[in-house]
Structures are given as structure tokens and as C-alpha cells.
Amino acid sequence: MNVLLCPDSFKDALSAEQAAQAMACGVKRATPSATLTVCPLADGGEGSLEALVAATGAERRELTVQDALGRPRQAFWGWHREQRTAFIELAEASGLQHLSAQERNALHTSTYGVGELLKAALDAGAEKALLLLGGSATNDAGAGMLQALGAQLLDQQGSPLPPGGAALQRLATLDLAALDPRLAKLQVEAAVDVDNPLLGERGASAVFGPQKGASRDDVAQLDRALGHFADLCADALGRDDREHAGAGAAGGMGFAARTFLNATLTPGINMIMQQAKLPDLLAQADLVITGEGRLDGQSLAGKTPIGVARAAHQQGKPVIILAGSLGEGWQACFDEGVTAAFALADGPMSLEQALPRTAELLAARCESIARLWIASAKQ
């Protein structure tokens, strides 16, 4: 019996690696002789950098960068020397999780630290960069990143713009003469988990701005500012990516990645499954168990368990999803190749009660699944 364990993290409870180890513990209790393959995954959001580093054996590197409010913080990134590839997670520099609720200010937060990480990758000799765009505290369409990489964003008086998306309304000159020339040869792939455009009702400001501290008036101001920025980018470069699917990801970083880095935007789970060589692991598996904190109808948009199920279905492999909770529309997962899905709770309990028991509950469910699998194989 060869079991592939490839969960995402269970938010506020377990990392993907911890979840996979809890699963392994349960399967081993039922069948000590089972061959287990552990492959923690992520979908481009929280935990994705850790998953990439674990999957590829990349080197962990640290750099002091500016956070979204311009304060110094230690950010880590991954460096795969043989592949000459850098793994960079936007949230390490400009992540929402580094700000308190009172500090969230979508008008003024900046992606400058992401540019600092990219510059470090170029200094290391990177020929390729994988950018993970989830979890941002920013809404500046990548303007801060560009400034860190040498671009000048100037107002009508010729002064550099201050940080943040709101300042882009005052942009008069976009000077790319000093933009790091090494970017032209850098192959960039950006992981996104949304298909929103840059502007409008489905744009970065309207959809994601409020969770970053933007009021209704702030959203309107930011949308105008990003639209003005997009106009000047189109004039300067002769291309307009504002409507590209995913341009609105991470406060418009998808737009900047496309426009200035010529990046390919791809679902995060696809990127990470490719790096983890998941198709090869699936080929050896008899049973696949995956999971994350919540499974619902929205999971079909690119969450880890559904990405795993689709890949496994292509190889005819059974997939079981374990989730902290099953929300509205979760049954749609059966149309994506899922064999069965279960919630972890073994009785009535609040979220506060469930979180510290997540590892225990995961192990118990996996033990039951393994016992059922063995029994069915004897029929």
C-alpha cells in the first residue's frame, strides 16, 4: 500500500508539513507496513515558500528588507543553485500578516521590499524567479517594487512619489532608464490564485482593498490612481495589461509582474505541484490524501485539494480530502475527481476547541481511512 500525503496548511493550526506528519502517524497506526510519501503543498498563499523550499531542496536565504510600511524586517527567500532559480514570496516582505489591524492602510503600503528581494536574487545570479503573490498588505500595483529596482516615479515637480497606491494619482513621469537591466533576461513566473483584472468592480482595489484597511472612499481613490498608473505604463511601454486575468492579484502586483517583468501568471497550485514533481509521485501512489482548513464551493477556484484531485484524476488515482470544515457547495468537488471528503470534527465543537486538536483529529481520520482501505482490499 503506497499512500501519498499532500495537504496544504490548516490555517492557525498546522503547517502543511505538520499536517502531513499527522496524517502519516494515523496511517501508520492502521498499517505499519504502508509506504508513505509526504509532500506538503500550497496554492501560492500562506506557506507556499516553505512548500517550494521543502519540495526542491532549495537553500534558505535571509535579507533585511522594508515591510509594507517601510520598517526593516528579516525576510527569507529560496535559492536553487542548480536551477539558478529564486523563490520569492511577496508576503515575506509586504505581507498582511506582519501588520496589526490598526496598521493596515491600503493607501500607503508599499511593495518596495519585494523589489529588494528580487534584486538579491539577481545579485545571486538568478536566471529564473518564481513569485508567490498571495497575502499582500499592498495596493500599489507594484510601484514600490519598481522603485527598489531602479525605476523613478516622479510628480510634476520632479520629486519621487511617496510609497503607496494613492500617490500614483500624482504620477507625472515614469522613468525606466535606470530600471535594473538584468530583469530583461530574467524568466519570471508569478503564482496567482485569482483572475481579477486591475481595475473596476472586480479589480484589486474594490475586491481586496477593504481587507487591507481601505474604506469605500479609499477604494475609489485607489482605483483612480491605479488607472492613471496603467495609462502611463501603456504610454511608456506600448502594452496594456490592466485587463489580463490575474492583473489584480496582490493589489495589482499581477499587473506589474506582467507589464515590467514579462511574467507568466499561473495558478499557484500548478506551479508548486510542478516543482514538487507531483505527477511522478501520483504515478507510484495507490491512495492520495490531501486537505486544508476549509473545503467549499470556492475551493474550485484553485485551492490545493482540488488541484491535487484534478491531477490525480488524470492518472485514475483515488483522492480523499480532509478539511477542518465543509462549507456551502463543497459537494462540487466530486466533479473534480475527488473520491470522498470528510470534516475533521468528531463531535460538536467550536473553532477554538478544534484548532489545538487538529493534528490529533487528522491522525484519527487517516487511521480510519487506512483501515477502510485495507478492509476493502480484502473483499
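This is a predicted model: local features need pLDDT of at least 70, side-chain atom pairs count only at pLDDT 80 or more; totals for chains, interfaces and linings use all residues.
1. N105 is partly exposed, with a relative accessible area of 28%; buried means under 20%, exposed over 50% and partly exposed in between, calculated with a 1.4 Å probe on protein chains only. This residue sits in the loop between α3 and α4 (112–124). From N105 to L5 the sequence separation is 100 residues, and their C-alpha atoms are 39 Å apart in space. Helices here are DSSP runs of H or I with at least four residues, strands are runs of E with at least two, and both are numbered from the N terminus.

2. Residues are numbered from 1 along each chain as its sequence is written, and side-chain values use heavy atoms, with hydrogens and water left out.

3. The next point concerns a pair of helices. Helix α1 (residues 16–30) packs against helix α13 (residues 358–377) at an angle of about 40°, and their axes are 7 Å apart. Axes are lines fitted to C-alpha atoms, for helices over the stretch in contact, and angles run from 0 to 180 degrees between N-to-C directions. The two helices, α1 and α13, are therefore oblique to each other; angles under 35 degrees count as roughly parallel, over 145 as roughly antiparallel, 65 to 115 as roughly perpendicular and the rest as oblique.

4. Which residues of α1 meet α13? On the α1 side they are A19, A22, M23, G26, V27, R29 and A30, and their partners in α13 include L362, C366, E367 and I374. Contact means heavy atoms within 4.5 Å. By class, this contact of α1 with α13 has 12 nonpolar, one polar and three charged residues. Ala, Val, Leu, Ile, Met, Phe, Trp, Tyr, Cys and Pro count as nonpolar, Asp, Glu, Lys and Arg as charged, and the others, Gly among them, as polar.

5. Leaving aside residues up to four places away in sequence, V27 touches V3, L5, A34, L36, I289, C366, E367 and A370.

6. Aromatic rings form a further topic. Rings of Phe, Tyr and Trp (its six-membered ring) pair if their centres lie within 6.5 Å; planes under 30 degrees apart count as stacked, over 60 as edge-to-face and the rest as tilted. By this rule there are four aromatic pairs. In one of them, F229 and F255 have ring centres 6.2 Å apart and planes at 65°, so the pair is edge-to-face. F229 lies in helix α7 (residues 216–237) and F255 in helix α8 (residues 249–261), so this pair ties together parts 26 residues apart in sequence.

7. Are F229 and F255 buried or exposed? F229 is buried at 0% relative accessibility, and F255 is buried at 1%. The rings of F229 and F260 have centres 6.4 Å apart and planes at 20°, so that pair is stacked. F260 is buried as well, at 11%. Together, F229, F255 and F260 form one aromatic cluster.

8. In helix α2 (residues 48–56), the buried residues are S48, L49, A51, L52, V53 and T56. Among the elements covering them are β3 (59–66), β4 (72–80) and α9 (268–275). Just after α2, G57 takes a positive phi of about 75°.
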